[in-house]
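Here's a quick tour of some local features, going from aromatic rings to strands, helices and a chain-to-chain contact. Have the viewer open as you read.

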There are 2 protein chains.
Amino acid sequence: MLMLSPLVAWADDLPSWNDGATKQSILDFVAAVTSAGGTDYVGPDERVAVFDNDGTLWGEQPMYVQLAFAFDRIKALAPDHPEWKDTEPFKSVLAGDVAGVAASGEKGLVQLIGASHAGMTSDDFTKIASDWIGAAKHPKTGKSYTEMVYQPMLELVSYLKANDFKVFIVSGGGIEFMRPWTQRVYGIEPENVVGSSIKSRYEMTNGKPAIVRLPEIDFVDDGPGKPVGIYTHIGRHPIAAFGNSDGDFQMLEWTTSRPGRSFGLIVHHDDAEREYAYDRQSHIGRLDKGLDEGPKRGWTIASMKSDWKQVYPQ
Amino acid sequence: MLMLSPLVAWADDLPSWNDGATKQSILDFVAAVTSAGGTDYVGPDERVAVFDNDGTLWGEQPMYVQLAFAFDRIKALAPDHPEWKDTEPFKSVLAGDVAGVAASGEKGLVQLIGASHAGMTSDDFTKIASDWIGAAKHPKTGKSYTEMVYQPMLELVSYLKANDFKVFIVSGGGIEFMRPWTQRVYGIEPENVVGSSIKSRYEMTNGKPAIVRLPEIDFVDDGPGKPVGIYTHIGRHPIAAFGNSDGDFQMLEWTTSRPGRSFGLIVHHDDAEREYAYDRQSHIGRLDKGLDEGPKRGWTIASMKSDWKQVYPQ
């Protein structure tokens with residue numbers, strides 16, 4: 001009969017994480033807050049873990065997946081909008097000129113979101129986003145975006161759920177863009193997804209009620225918006241937070257400011273061979289302050305290159 | 001050995017509901033959507049039930065509990081605001097003149113909320129609201145407000161949860177006013193509370209992060225706002241909705257517009273002896289359109305007087 005030590009049993013919960021300080025910090029934290037009678041024990045109700053999405057649970061290079069969706073959507077709608085050929089930011093989108101789109105700034109981004117994410121019912125948008133995510137391929141790997149999720153993070157989500165954590169996504173991405181597939185792909189229920197949103201309105205059309213999406217920003221769930229999104233949507237102080245960029249800084253700061261034990265982890269994209277390598281200088285997913293401040297604050301910096309046995313599910 | 005028929009076993013789940021058409025409509029719906037293989041079967045993930053709070057789960061007469069909180073809060077803060085003695089709506093609040101407060105309209109209400117619900121951190125507000133709800137008494141019964149919850153509805157919440165429903169509150173009341181006590185009183189977790197909200201901001205004060213509540217309305221979760229709140233917070237189409245006033249009309253309409261089987265129920269306050277009797281003419285919890293339209297749409301109208309064996313927990 002084979003005898004398994006507790007350490008081996010633990011290790012099996014996170015098989016894609018290499019043994020070492022990073023993995024051990026996760027295991028130690030979970031052991032501490034789930035050990036009944038221990039000084040760091042946290043009851044299941046309060047075991048709230050929050051995960052960023054872009055760059056933390058799935059890839060965000062060479063551009064945010066949702067931006068690729070918006071670009072494709074603009075291209076699909078262009079035949080009905082001949083004026084877009086001469087109007088920014090649409091002109092740049094149609095020319096595939098990402099720098100031109102970026103140059104149109106926040107005003108351009110809002111126009112882009114309005115044209116690609118609004119003006120339809122909630123049900124129609126869910127179908128549009130679902131159809132797109134089912135068909136779109138990453139420009140470099142040719143994989144579906146939902147295949148480019150991080151296997152070690154999937155294991156982490158499952159491991160936390162197995163330890164009676166409530167796992168939420170808290171993303172700068174659009175809440176309704178994520179909800180159609182997070183349960184299938186991550187095992188995270190749509191009601192546990194917090195994100196940026198546009199406004200919407202309930203209305204009757206031909207005697208049938210619908211929720212219509214409006215071209216107006218409602219909430220930006222990024223940076224200092226993340227603790228606010230957590231407050232509004234969850235109403236509890238998380239005890240663990242997982243991010244990858246400075247847009248997650250305040251979420252980790254807020255989470256680890258609680259009086260009891262807490263955990264913060266930053267995924268560091270340092271693996272050019274298997275994924276991408278970027279941090280302080282990147283326009284997408286910039287990680288600068290977090291790299292300096294994280295270790296001082298006791299946050300774990302997970303190296304994609306050395307802490308992860310594999311990147312994507314196989 | 002005592003043999004229990006299935007009917008008796010069912011009846012035990014809702015002991016404070018009198019046998020009859022109302023109770024049977026609840027039992028029939030739950031049986032239909034939980035019977036695996038049946039045409040109306042709904043998987044546990046999609047079993048979302050939404051409950052209004054004021055007038056549906058607890059009392060709302062002679063005034064909304066949260067308004068009583070706001071009045072008490074203004075009175076407590078008045079010594080620091082001598083100017084309130086001559087400024088509406090504060091002058092009317094301090095004089096106990098509800099009609100005067102009502103006359104100040106929406107502008108006055110926003111000022112009242114700003115002064116009583118904003119200008120402190122999230123933690124401070126939670127403490128203020130919790131302390132108040134622990135001490136305040138209803139002007140007529142002398143009971144705590146959290147004792148004036150409806151026993152039949154508590155049983156209904158438990159019954160749905162036992163049948164793997166996810167139960168949410170969707171209230172016109174303030175989300176953060178409810179969250180401190182909904183789990184203890186109703187068994188509904190704070191993260192499953194949807195409500196009206198004011199804006200808030202994450203900020204550092206003396207090196208310590210806090211969420212500060214701002215005197216600005218963020219979202220009004222009432223009437224047509226309820227389906228929008230459901231869309232934003234839950235991201236699923238409910239299959240059952242429970243309300244008591246025309247402010248719940250769109251929530252029931254939206255819920256029962258789904259293609260599959262659904263359920264809508266309106267609590268009718270027709271029990272002047274044990275609670276209050278009010279509907280079409282009431283300024284609080286007006287129920288007019290729902291009384292006419294509800295039966296035509298197949299919604300159950302629950303009579304507090306004849307369907308409920310008891311009103312409050314004993």
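## A cluster of rings in chain A

Let's start with the phenylalanines: F29(A), F51(A), F165(A), F242(A) and F263(A) come together as one aromatic cluster. Keep in mind that this is a predicted model. Across all chains, a search of the whole structure turns up 34 aromatic pairs.

## An edge-to-face pair in chain B

One pair to zoom in on is F249(B) with W299(B): the ring centres are 5.2 Å apart and the planes sit at 65 degrees, which is over the 60 needed, so the pair counts as edge-to-face. The two residues come from distant parts of the chain, 50 residues apart. F249(B) belongs to helix α11 (residues 249-255) of chain B, while W299(B) is in the loop between α12 (289-296) and β7 (300-303).

Are these two buried or exposed? F249(B) has a relative accessible area of 3%, so it's buried, and W299(B), at 5%, is buried too.

## Strand β1 of chain A

F51(A), one of the cluster members, is also part of strand β1 (residues 48-51) of chain A, and this strand is covered on both faces. V48(A) and V50(A) are buried on one side, and A49(A) and F51(A) are buried on the other.

What does β1(A) pair with? It runs parallel to strand β2 (residues 166-174) of chain A, with four bridges between them, and F51(A) has I169(A) as its bridge partner there.

## Helix α2 of chain B

Now for a geometry check. Helix α2 (residues 21-34) of chain B has 14 residues, which at 1.5 Å a residue should span 20 Å; its end C-alpha atoms are 20 Å apart, so the two values agree. Buried residues in α2(B) include I26(B), L27(B), F29(B), V30(B) and V33(B), and T22(B), K23(B) and S25(B) are among them as well.

## Reaching across to chain A

Finally, look at T232(B), which is in helix α10 (residues 225-233) of chain B. Its relative accessible area is 16%, under the 20% cut-off, so T232(B) is buried. Among its contacts are I175(A), R179(A) and H233(A).

Methods:
Residues numbered from 1 in each chain as written. Chains lettered and ligands numbered in written order. Predicted model: local features only at pLDDT ≥ 70, side-chain atom pairs only at ≥ 80, totals over all residues. Heavy atoms only, no water. Buried < 20%, exposed > 50% of the residue type's maximum accessible area, 1.4 Å probe, protein only. Contact = heavy atoms within 4.5 Å. Phe/Tyr/Trp six-rings, centres within 6.5 Å; stacked < 30°, edge-to-face > 60°. Expected span 1.5 Å × (residues − 1). Pairing = 2+ DSSP bridges. Lists of a residue's contacts leave out its neighbours within four places in sequence.
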